[in-house]
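Hi everyone, thanks for making time for this.

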Amino acid sequence: MQFHHHGYVSGDPKVLPASGTGIDRPDELPDEMDVLIVGSGPAGMVLAAQLSQYPSVTTRIIERRPGRLEIGQADGIQARSVETFQAFGFAERIIAEAFHLSSMNFWSPDPADPSKIIRSQRAEDDPHGISEFPHLIVNQARVLDYFAEYAANGPARIRPDYGWDFVTLDVAEEGEYPVAVTLRATAGEHAGEERIVRAKYVVGCDGARSAVRGSIGRSLSGGESFHAWGVMDVLSVTDFPDIRTKCAIQSNTEGSILLIPREGGYLFRMYVDLGETSPDDNHAVRGTTVEQIIAKANRILNPYTLDVRDVAWFSVYEVGHRLTDKFDDVPAEATAERMPRVFITGDACHTHSAKAGQGMNVSMQDGFNLGWKLGQVLEGRSPESLLATYSAERQVIAQNLIDFDREWSTMMAKKPEEFSSPDELAAFYVSTAEFPAGFMTQYTPSMLTGDASHQHLAEGYTIGKRFKSARAYRVGDTNPVQLGHHARADGRWRLYAFADRPAAGQPSKLAEWAEWLASAEDSPVKLFTPEGADVDSVFDAKVIYQQRFEDVDISMVPKIFLPEVGPFQLIDYEKVYAVDPAHDYFDERGIDRDGCVVIVRPDQYVAHVLPLTATSELRDFFAQNMLSHLPAPLAR
């Protein structure tokens with residue numbers, strides 16, 4: 001973590017100096033704002049956290065509850081989400097607090113006595129080593145707390161406005177604040193009263209029954225599987241030996257259980273199979289009591305018993321898979337002519353079962369995807385057309401999620417005799433591990449994502465997929481670090497320059513590229529960095545050399561990788577890296593020894609791979625998604 005570049009910091013460095021809209025931020029909800037976020041769930045809080053880094057943007061987030069969420073339904077944190085937590089600066093703290101899922105055990109009927117269950121297989125949670133981060137279990141409320149802290153400590157000082165419910169909205173064809181939003185107070189002395197506020201953009205993060213979705217004429221479509229599950233978080237005494245291990249438990253005749261240990265060492269969650277439901281029973285299964293769920297769990301667990309001492313939370317749900325056709329307010333046929341003003345995220349636009357642990361994780365990625373785009377457009381750094389990419393990118397991902405979840409939930413509901421082999425469920429879990437971990441997302445070519453014509457230069461960095469970190473040595477202080485962990489959710493693009501190794505007496509392509517980036521009039525740094533701003537305020541350029549750190553002479557490193565920043569123009573020494581001889585970065589990520597540039601979006605996805613000689617292609621790529629010659633932004 002870097003600080004002191006604006007002067008000595010004696011307090012908590014996570015609390016950034018307030019600036020712009022964060023200075024004397026009014027406690028009362030104003031009449032006009034740039035962005036109104038409706039709902040403080042996972043997507044809403046990620047949006048608020050991201051936009052807290054844009055202090056020139058007036059952002060407010062409303063929540064119908066009178067205060068913070070105390071217990072959330074979601075709890076599974078996939079590795080991709082932990083990568084996101086790292087970008088927001090709290091991965092280490094939440095990792096220390098959470099339960100770590102390192103394996104999954106499978107239980108099935110005992111062939112000798114099918115009325116009883118036995119452990120039939122064990123599986124490693126991440127058998128492919130797809131991330132350096134673990135798979136976690138931690139309550140959704142705590143995740144929201146961490147994002148709320150980040151948002152409150154950001155330069156814009158964003159805090160939820162509790163006690164406000166969304167009623168409806170109307171979008172005008174013109175005006176500085178074209179979205180008129182009717183709100184109703186739900187708490188305090190003005191409870192029940194309505195008022196109208198105006199915004200440039202509105203984001204509905206208000207759940208499966210989203211009123212924002214309804215106000216723009218969108219609806220969820222899809223179907224139900226007519227299968228119900230009881231879910232409960234309990235404190236219990238049991239003789240089941242794997243109670244602190246994630247388990248898929250299949251009984252002979254009573255159904256199945258998905259067991260998830262929870263953080264804190266005692267609590268655990270059970271998804272208990274309540275069986276098939278009838279389409280015409282008016283959802284009678286939702287009246288199932290927790291006592292009935294516990295009794296069903298005990299029948300499935302035979303010969304083991306479950307003595308529940310306390311129930312922290314329980315619910316009954318019927319599996320449904322639904323999706324909206326678009327995630328903004330622009331009709332599909334008008335996408336090329338109109339820019340969106342209203343967006344929906346998370347459960348407001350996609351719903352599915354909870355057993356694959358995707359709801360909170362995918363919702364957070366919705367928010368991350370949209371947040372920096374709103375910030376860039378509202379600061380005047382990018383054209384409005386950037387906002388149309390949100391629905392285009394995330395709707396496809398949501399459809400992929402629903403397809404996967406339908407398959408996984410169907411597998412979990414199968415009876416033992418319906419499997420082709422005893423290890424079919426475990427094999428499916430292992431073979432599909434990359435998808436639920438969040439690493440199968442791949443954005444297709446667009447104004448933000450290039451084509452694959454130079455993909456061979458960095459085979460380990462698939463264009464459109466997330467940037468997968470690896471270990472390197474930071475030359476300035478000789479520390480071994482994960483390269484990707486230095487990137488923060490600050491709205492900057494990352495340019496990772498992998499150096500060539502020229503023959504003796506030959507010029508370096510890296511040196512020529514760095515000189516062009518720093519000084520050429522058609523360089524993105526020159527074209528798109530605002531006047532008076534730090535040279536790395538828009539593009540965070542880093543270099544990775546093929547040599548060991550002992551063999552890199554930092555005095556010979558191009559100056560673009562040693563930028564002078566802040567009011568004192570201090571040198572940043574944390575952009576120069578060398579390989580770890582034991583884990584050569586170039587080998588681990590398939591980087592061509594002739595060098596290349598890997599371009600990474602502010603939300604950590606690889607946007608392009610280019611040769612060091614392709615300067616015009618680099619310029620043209622950014623010309624389609626950025627605006628030049630802008631005033632300097634507020635410090636952040």
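Let's begin with Lys116, which counts as partly exposed at 34% relative accessibility. Keep in mind throughout that we are looking at a predicted model. Lys116 meets the side chain of Asp113 in a salt bridge, with 3.9 Å from N to O. Asp113 is partly exposed as well, its relative accessible area being 27%. For those of you thinking about cut-offs, a salt bridge here needs the nitrogen within 4 Å of the carboxyl oxygen.

Now please move to Arg269. Its salt bridge is with Asp233, and the closest N and O atoms are 2.7 Å apart. Arg269 sits in strand S15 and Asp233 in strand S12, so this pair ties together parts that are 36 residues apart in sequence. Are these two buried or exposed? Both Arg269 and Asp233 are buried.

Another salt bridge joins Asp477 and Arg474, with 2.9 Å between the closest N and O atoms. Here the two partners fall into separate classes of accessibility: Asp477 is partly exposed at 31%, whereas Arg474 is buried at 13%. The cut-off for buried is under 20% relative accessible area, which is why Arg474 gets that label.

How many salt bridges does a search of the whole structure find? The search comes back with 49. Some of them join up: Asp490, Arg492, Arg494, Asp536, Asp540, Lys542, Asp572 and Lys575 are linked in a network of salt bridges.

On to the aromatic rings. The structure holds 27 aromatic pairs. One of them is formed by Phe240 and Tyr304, an edge-to-face pair with 5.6 Å centre to centre and 75° between the planes. Phe240 belongs to the loop between strand S12 (221-238) and strand S13 (246-250), and Tyr304 to the loop between helix H6 (290-301) and strand S16 (306-323), so the pair ties together parts that are 64 residues apart in sequence.

Next come Tyr271 and Tyr317. Their ring centres are 6.5 Å apart and their planes stand at 85°, so this pair is edge-to-face too. It links distant parts of the chain, with Tyr271 in strand S15 (residues 268-276) and Tyr317 in strand S16, 46 residues apart. Both Tyr271 and Tyr317 are buried.

There is also a cluster to look at: ring pairs link Phe85, Phe88, Phe90, Tyr146, Phe147, Tyr150 and Phe368.

Rings meet charges as well. The charged end of Arg195 sits over the ring of Trp164, 5.7 Å from its centre. Arg466 lies over the face of Phe439, 3.7 Å from the ring centre.

Finally, let's zoom out to the domains. The assignment gives domain 1 (20-89 + 138-220 + 322-432), domain 2 (99-136 + 223-319) and domain 3 (455-624). Taken over C-alpha atoms, the centres of domain 1 and domain 2 are 29 Å apart. At their interface, 32 residues of domain 1 are in contact with 35 residues of domain 2. How much area do domain 1 and domain 2 bury between them? The value is about 2,800 Å², and 59% of it is on carbon and sulfur atoms. Two salt bridges are found across this interface.

Technical notes
Residues numbered from 1 in each chain as written. Predicted model: local features only at pLDDT ≥ 70, side-chain atom pairs only at ≥ 80, totals over all residues. Heavy atoms only, no water. Phe/Tyr/Trp six-rings, centres within 6.5 Å; stacked < 30°, edge-to-face > 60°. Helix = DSSP H or I, 4+ residues; strand = E, 2+ residues; numbered from the N terminus. Buried < 20%, exposed > 50% of the residue type's maximum accessible area, 1.4 Å probe, protein only. Lys NZ or Arg CZ within 6 Å of the ring centre and 35° of its normal. Domains from an automatic or database assignment. Contact = heavy atoms within 4.5 Å. Buried area = accessible area lost by both parts, 1.4 Å probe.
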